[in-house]
Amino acid sequence: MNKISHPRREFLIRLSSVSAVLASGATLSACGDGNDPVVLFNYGVASGDPLTDRVMLWTHAAFELSAGDVPLTYQVATDNNFSNIVSTGSVVASGANNNTVKVDALGLAAGNEYFYRFVARGGHSSSVGKTRTLPASSVAEVKLAVFSCSSYAHGYFSVYEAAASSDAQYALHLGDYIYEYKDGEYPATPVVGRNVSPKTEIYSLADYRMRHAQQKSDPSLKTLHARMPMIAVWDDHEFTNDAYMTGAENHTEATEGTFAARKEAALQAYHEWMPIRTGTDKSVIYRSFNFGNLLSLHMLDTRIIGREKQLALTDLGSAAWLSTSRQLMGSTQTTWLATQMATSTAKWQVLGQQVVMAKTWIPASIQKKFDSYFRAPAPDTIGAIRTEVETYKSQYSAALTAGTIPVYLAGGNANAYLKGAPTDNPAIPYNMDAWDGYPVARETVLGAFVQAAAATPSVGKKLVVLSGDTHNAWHNNLTTLNGTKVGEEFATPSVSSPGWEEYFPTAFFPGTIKTLLESTTAVSNVQWTDTTRRGYLKMSFTPTQAKGEFIFIDSVSTKSYAIATPVAAETRTYAG
Ligand SMILES: [Fe+2]
């Protein structure tokens, strides 16, 4: 570790002269005695992975006029003038890590807010960030801002800015923090001024670093990072679309090199650019955070470490789909999670993870129309889907009266229906990339929670699952395959990536899709959904309630935005 050469007293005097600038959040570009090279902090600061006595601090620092490692001092204080510094030390923004630097600031007190910054020789300083440690044993309320899916090319990150000015204490990012696509691919016409960098799809370490850097150059994201600590996990697009352990839908080894090499590059850049506590194995990111005895947050990796390849809809009911060894998280992580839920003393057991966990099935007849609609040229139209939905709903009510509802998937029937020879009309999954594609793995996790709760009845454990990935907002019941309710799921809308409004005319909502999805006669687990707007999910936990407020903004295609006036239905609660 390099040491700052100035005596500490002189150092502090220099800093005090610039404290007003720092408090305003501006980046100080030049000061000091004129002999020290100017250091730039172009990507702001971030903090993450808070524990009761420590938090990770992050920044990027580079000399203005030359390459090389940049020696820095980090400081954590109880005030934004840094008169009471409680944690400090020397670090280096090393070229080996793309000039990013992370440090675990130790010796902090539980449940406290802190200010932090990085300072280079000569007094060149980063902006000042605010962070917060986890509370210890007793805590009345915890407020989380939950995000996913921030596609740079789709628009401005106003959702991050909106959350930064909310009363949320901690940020959670459930993945798709970046996207891998080339310029003009997703979307074909990027929002003006939001073309991705590099212009190519990202494959190499240099590519992934450049994409991460561009993301962190966004002023709204910088504002959020400087305002609260973030606990993040990756989803597929930090690697490439629909990734799994050994490959991905958007990766072709013959023309794009090995998936292993691409994964390695993505892992390295992620750990350089995200304020995550990096262990000896960069591929292991599942970890728990205990907020006193109120909640235990278990952050999971359902994407990379143990996921088997996705199956097709035509595999429904197959031996592969129903195999008891089929994995979404891998057996090591699954066993770890079971232990974490069993040994936790907190009431709320919260899983922070990527893909929707609830069983969200729709009638095969409607799925078939959707498939057809998405085929080009589409033989079926929106009108055909609408007609099918209405037909199904009336047939279903008739069947309900007659007591002839098919309640469980018979794989053969599902496939027969999809292939044009219907014998009945079972409800079937529509997203095989989500937990619906891994039904036994889901039963295992839900079963582990039930066991954990039963073993500690005095705690009264409750399960809440937080999800991202779909770009749409959901509040679902979590049930086992036989229909027993085990918990509830809140899935955050995207920051900027498009929801179902991209694929269906807006007029199709909310009438057809929303009523279909929320209808207990069609999809029993969806309580509420919004599939047309961008936003974030604010989760507040108290001993008596988990409350999810879905906060939407009006547009991501312009810099100015308005937060939608919330309506009652957008605040969803689960009683403790
Ligand atoms: Fe996404």
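Student: How much space lies in the largest cavity?

Tutor: About 90 Å³ of space lies there. The model is predicted, with local features requiring pLDDT of at least 70 and side-chain atom pairs pLDDT 80 or more, while totals for chains, interfaces and linings use all residues. Residues are numbered from 1 along each chain as its sequence is written, and side-chain values use heavy atoms, leaving out hydrogens and water.

Student: What makes a space a cavity?

Tutor: On a 1 Å grid over the protein atoms alone, a cavity is a set of points where a 1.4 Å probe fits but cannot get out. Grid points are joined across faces, edges and corners, and the volume is the space filled by probe spheres set on the points. The structure holds 1 cavity of 30 Å³ or more.

Student: Which residues line the largest cavity nearest its centre?

Tutor: Lining residues have an atom within 4 Å of a point. Of the 14 lining residues, Ser 151, Ala 153, Tyr 179, Val 196 and Arg 211 lie nearest the centre. The lining comprises 7 nonpolar, 4 polar and 3 charged residues. Here Ala, Val, Leu, Ile, Met, Phe, Trp, Tyr, Cys and Pro count as nonpolar, Asp, Glu, Lys and Arg as charged, and the others, Gly among them, as polar.

Student: Why is Asp 469 called buried?

Tutor: Buried means under 20% relative accessible area (1.4 Å probe, protein chains only). Asp 469 has a relative accessible area of 13%, and is therefore buried. Asp 469 lies in the loop between β20 (462-467) and β21 (473-479), strands being DSSP runs of E with at least two residues, and helices runs of H or I with at least four, numbered from the N terminus.

Student: How do you know that His 471 is buried?

Tutor: The relative accessibility of His 471 is 8%, so His 471 counts as buried. His 471 is likewise found in the loop between β20 and β21.

Student: Which residue does a cis peptide bond join to Pro 198?

Tutor: That residue is Ser 197, and omega is about -5°. The bond from Tyr 186 to Pro 187 is cis as well, with omega near 5°. Pro 187 is placed in the loop between β11 (170-173) and α4, and Pro 198 is found in the loop between β11 and α4.

How values were computed
On a 1 Å grid over the protein atoms alone, a cavity is a set of points where a 1.4 Å probe fits but cannot get out, and a pocket is an open set with protein on both sides within 12 Å along at least five of seven lines; lining residues have an atom within 4 Å of a point. Buried means under 20% relative accessible area, exposed over 50%, partly exposed in between (1.4 Å probe, protein chains only).
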